[in-house]
Amino acid sequence: MATFLPLIQTALELGLIGSLTVLALFLSYSMLNVCDLSTDGCFTLGASVGAVVAISGHPYLSIPAAMLAGVGSGFITAFLQTKMGVDSLLSGIIMNTALYSVNIAIMGGSSLLNMNKTETVFTHIQALVKDGPLTDAYKLIVAFAAAAAVAGFLYIFLKTRIGLSIRATGNNPEMVRSSSINPVMTTIVGLCVSGSFTALSGCLLAQAQKSVNIDIGSGMVTIALASLLIGSTFIKSRRMGLRICGTILGAFVFRLVYTIALRFNMPAYMLKLVSSVIVIIAISGPYIKSKYPEFARRLEKKRC
Amino acid sequence: MLSIENISKTFNPGTVNEKRALSSLSINVEDGDFISIIGANGAGKSTLFGAIAGSFLTDEGRIILDGEDITVTPEHIRARSIGRLFQDPMKGTAPDMTIEENLALAAGSGGWLSRITRREREELRQKVALLDMGLEDRMESPVGLLSGGQRQALSLMMATINPPKLLLLDEHTAALDPATSAKVMELTDKIVREEKLTCLMITHNMNSALSSGNRTLMMDEGKVLFDIKGDERAHLSVEDLVRMFRTRSGRELDNDRMLLADT
């Protein structure tokens, strides 16, 4: 049990930080119905911007800076697909490729930044809770605060008029097209907000592990999608608050399973294969289930 | 009120699928008019609505609504003063959102960051009660659980909750069963009368084309074939309409759906 507790704590920390990306996908994928593949690049963008700002001596400024960068990335992705006639999947892929260069440029031409001696939000909180009972939990505090703030914001945001408009755009584009809601505007706002969450997630992960690598975000969209789909199997309610909590729960469970698997000597490089398989099962499971009766009948016919 | 001057629209120009859907069409709609529009398939009825609502820009001509030239105004801006209902009840509402959320979106009061207040909630509830379908007790239910007729009634309420300058009804009862269809038509008549709306309604039902509203237009090949109102219309029967179509267009009216429709 004593070895199990730190395991859960690590899973909680990484799960909560990662849950911000999952919440971003909840907004763009589940609500707006846009498959935003720029997530990987946007995550790294947040990490690199946050790191550069923190290294330059502004640990707190790093957070709004990273989020603003995420807004910019989301804006361009949305602009490409709504105003420039680029397919939505393609615009995400193009953004990803472009962001690779941008991110290296931000990190001053290097693909790795070290923050071992850098003051970050985490080191500040660590100093604050030093010698107290929470001295080991400083990462958890930051991660929890961020997840709670983003989840709370999202909950309120989705009930505002712009939030309802975003949901309607994803739910019935035909209705929105003939209504006074401008689908271009809702798509842009939705992707800007989700971009800011993704970038914040990247920024915090980089600061928690005290380094940024250009690959920090690679595969993030699949990992986040896996978490999102795991979350939606836990909580089937239609209530928005519960769905948001379920999303965070999904991120945690995903990390927990992964952390435990690591303990049982699963090599770390298997993470992306595992998350891909989870996404495939979660998406094709219901499809296969719905097709199974047809398949069974054909099989029966063949046997006769 | 609404003045349509010589609008034309050709789809897929220069291809084998070229189709002149509207051909120098002009209509003058007076304030408070309730016009029923009939015509065979492909006569350009729905295209006319698309042109008015701004689903596409016309190739020529002008569209003036309430003194304002809206010929090139984007669709979502026009939607502020034009309400529109389609034949498919699924098109007018967001299925995963609740009745209340759908209505609140349509009501659209307050700023972008405003939320539904308790007072609004009560007002919306009272509005829904007017539909007399028991929906006021299901405000928190997702619209996807409602029947087609209930969804269409809700769409009608959403399109008229802020009384539009112009209401476009594109065979909005055609996909419903006869009883529901009659109910939705009754609601339509009531709302149009009470709000004194100006309304254009496409119908395939020649009886309701003559019984609803104050004017009837017959369209053919992207043009208005005839436009009848007043005394002339009051004494017209469905047989007269068919005969008028034959003499004006030189063809038989060969639309079974229009001829066979009863009630």
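**Two chains, read from the model**

Modeller: Chain A has 304 residues, for which a compact globule would have a radius of gyration near 19 Å, and its value of 20 Å agrees with that; the radius is taken over C-alpha atoms, and the globule rule is 2.2 Å times the number of residues to the power 0.38. This is a predicted model, in which local features need pLDDT of at least 70 and side-chain atom pairs count only at pLDDT 80 or more, while totals for chains, interfaces and linings use all residues. Residues are numbered from 1 along each chain as its sequence is written, and chains are lettered from A and ligands numbered from 1 in the order in which they are written.

Colleague: How many helices and strands does chain A have?

Modeller: Helices (H or I, at least four residues) and strands (E, at least two) are DSSP runs, numbered from the N terminus. Along the sequence, chain A follows the pattern α-α-α-α-β-α-α-α-α-α-β-α-α-α. The count for chain A is 12 helices and 2 strands.

Colleague: How many of the residues of H9(A) are buried?

Modeller: Helix H9 of chain A covers residues 183–209, and its 27 residues reach 39 Å from the first C-alpha to the last, close to the 39 Å expected at 1.5 Å a residue; that expected span is 1.5 Å times one less than the number of residues. A residue is buried if 20 or more other C-beta atoms lie within 10 Å of its own, exposed if 12 or fewer, and partly exposed in between, with C-beta atoms placed from the backbone. H9(A) is largely enclosed by the rest of the structure, because the buried residues among its 27 number 22.

Colleague: Which helix gives the most to the side of chain A that touches chain B?

Modeller: Two residues are in contact if their C-beta atoms, placed from the backbone, lie within 7 Å, and the contact takes 19 residues from chain A and 23 residues from chain B. On the side of chain A, the elements that give two or more residues are helix H7 (161–171) and helix H8 (173–177). The largest share, 7 residues, comes from H7(A).

Colleague: What percentage of the residues in chain B are buried?

Modeller: Chain B has 10 helices and 10 strands. For its 263 residues a compact globule would have a radius of gyration near 18 Å, and the 19 Å of chain B agrees with this. Its C-alpha atoms fill a box of roughly 60 × 40 × 35 Å along the principal axes. Of the 263 residues in chain B, the buried share is 42%.

Colleague: Which strands stand at the edges of the open sheet of 4 strands in chain B?

Modeller: Two strands pair if DSSP finds at least two bridges between them, and this open sheet has the order S2-S1-S4-S5 with antiparallel pairing. Each edge strand has a single partner strand, so one side of each is left without a neighbour in the sheet; these strands are S2 (19–29) and S5 (68–69) of chain B.

Colleague: Which residue of S4(B) stands opposite B:Leu2?

Modeller: Strand S1 (residues 2–11) and strand S4 (residues 60–65) of chain B run antiparallel and are joined by 5 bridges. In S4(B), the residue that stands opposite B:Leu2 is B:Leu65.

Colleague: Is B:Asp132 buried or exposed?

Modeller: B:Asp132 is found in the loop between helix H4 (118–129) and helix H5 (148–160) of chain B, and it has a positive phi of about 60° although it is not a glycine. With 12 C-beta neighbours inside 10 Å, B:Asp132 counts as exposed.

Colleague: Which residue in the turn between S9(B) and S10(B) has a positive phi?

Modeller: Strand S9 (residues 215–220) of chain B is mostly covered, with 5 of its 6 residues buried, and it pairs in the parallel sense with strand S3 (residues 34–39) of chain B over 5 bridges. S9(B) also pairs in the antiparallel sense with strand S10 (residues 223–229) of chain B, over 6 bridges. S9(B) and S10(B) form a hairpin with 2 residues between them, and the turn residue with a positive phi, of about 50°, is B:Glu221.
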